[in-house]
Amino acid sequence: MKTLAITASFLSLWLTGTAYAVERLGELPERFWAETDLRYWSSTYLPGVAPVAREEGRWIATLTLGWRRFFWSAPFNLTPEPWLTQPAYPNQRMQLFGDAFSLGYLVHPHLAITLGERYAGERFGGGIEPPRTNYTTLSARMDWPLEDSKLALRGAVTAGYGRTLHSHSGRVHTSLEMGVTYPLIDATRIHLGYKAEWLELAHPLYTGGTWNATGPWGEGRSRQSGVYTGLILSF
C-alpha cells in the first residue's frame, strides 16, 4: 500500500506541475484521431517467488482511438507468451499472461490522464492456473516535443490497485515508461525507451514437495523490465 501511495502522489504532483509549469504547445484535436504504437520489448522477467531470471522479447501493438479530448486505448500482444523454465513449480514450467485497456482524457495537447483495467497472472505446467489478479489503474501519459528539436519525450507513470478471487488482501501494480521519439516521415515516428512494471500476483509456491500459501494461494511480486523500440503511426 505504501508503494501505491508514493507512486500515486508522484503521479499527481508530476501531472499538476507539468500542466502549470510549461508553456502550452500545439492544439487539442477537434475531431476523430487515431494512433498505432508498434514496439518490440526486450525485457527480463523475474517471477515473484524463487525467481529465475528470463530474458524475452515480444511484439506489442497498442491501438488508440480518440474524439477530441477523449480516447480509448488497448495493447495487443502479437507474440505468444513463452513458457519459462522454473524448477520450483510443478512440471518445471510457468507462463505470465495479462491484458489491459484504458479510457483517457487530454488535459493538455501533450499530456493525458487515463483510468483503466489491467489483469495479470501466472499459469503453471500440469494444468495449474491460479485466479488472475485484476487491477484498476490510474496513469499519466506524456508526449512532449523538445524546444528547437525534432525529438520528443514520451512516457507514462501508472499506479494500480486490485484484488484476486479467494484473497482478502489487496495487490499493487506500478509501472514506469520513458523514451524519446523522432519523426521519420509525415505521421510516422520511431521511438526508443525503457519500461518497467511491478505486479503483485497470487500463485502457489511448491518447494520441497510442499505447497506453501497465504490462504488458498501463495503471493509474490513479479517484475518485468527492459528496453523497447518501434514505430508510432498517427492518423
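How many aromatic pairs does the count come to? It comes to three, where the rings of Phe, Tyr and Trp (its six-membered ring) pair if their centres lie within 6.5 Å. Planes under 30 degrees apart count as stacked, over 60 as edge-to-face and the rest as tilted.

Before you click around, note that this is a predicted model: local features need pLDDT of at least 70, side-chain atom pairs count only at pLDDT 80 or more, and totals for chains, interfaces and linings use all residues. Residues are numbered from 1 along each chain as its sequence is written, and side-chain values use heavy atoms, with hydrogens and water left out.

**Stop 1: an aromatic pair**

Select Phe70 and Tyr105. Their ring centres are 5.0 Å apart and the planes stand at 55°, so this pair is tilted. Phe70 belongs to strand β3 (residues 70–77) and Tyr105 to strand β5 (residues 93–108), so to speak two distant parts of the chain, 35 residues apart, are linked here. Strands are DSSP runs (E, at least two residues), numbered from the N terminus. Phe70 counts as exposed at 53% relative accessibility, while Tyr105, at 29%, is partly exposed. For these words, buried means under 20% relative accessible area, exposed over 50%, and partly exposed in between (1.4 Å probe, protein chains only).

**Stop 2: a loop residue**

Now pick Arg68, in the loop between β2 (54–67) and β3. Its phi is near 55°, a positive value in a residue other than glycine. Arg68 is partly exposed, with a relative accessible area of 46%.

**Stop 3: a hairpin**

Show residues 133–145 (β7) and 152–164 (β8), which pair in the antiparallel sense over 13 bridges. Two strands pair if DSSP finds at least two bridges between them. Together β7 and β8 make a hairpin with six residues between them. Find Trp144 and look across to β8: Leu153 stands opposite. Then go to Asp148, in the loop between the two strands. Asp148 also has a positive phi, near 60°, and is exposed, with a relative accessible area of 78%.

**Stop 4: the cores**

Which residues make up the largest nonpolar core? Select Tyr45, Leu84, Leu96, Ala120, Tyr135, Leu199 and Leu201 to see all seven. A nonpolar core is a set of buried Ala, Val, Leu, Ile, Met, Phe, Trp, Tyr and Cys residues joined through side-chain atoms within 4.5 Å. Apart from this core lies another, of five residues, including Leu28, Phe71, Leu106 and Ala112. Back in the seven-residue core, Leu96 is in contact with Tyr45, Glu81, Gly121, Glu122, Leu201 and Gln224, leaving aside neighbours within four places in sequence. Contact means heavy atoms within 4.5 Å.

**Stop 5: charges over rings**

Select Arg39 and Tyr228: Arg39 lies over the face of the ring, at 4.0 Å from its centre. Do likewise with Lys195, which lies over the face of Trp41 at 5.2 Å from the ring centre. A charge sits over a ring if NZ of Lys or CZ of Arg is within 6 Å of the ring centre and within 35 degrees of the ring normal.

**Stop 6: Leu233**

Leu233 is in strand β13 (residues 219–234) and is partly exposed at 32% relative accessibility. Beyond four places in sequence, Leu233 touches Ala34, Glu35, Thr36, Ala187 and Thr188.

**Last stop: confidence**

Colour by pLDDT, the predictor's confidence in each residue, from 0 to 100. The chain's mean is 79, and 69% of its residues reach 70 or more. Over residues 13–25 pLDDT stays under 50. Where pLDDT is low, the predicted coordinates should not be read in detail.

Methods. Helices (H or I, at least four residues) and strands (E, at least two) are DSSP runs, numbered from the N terminus.
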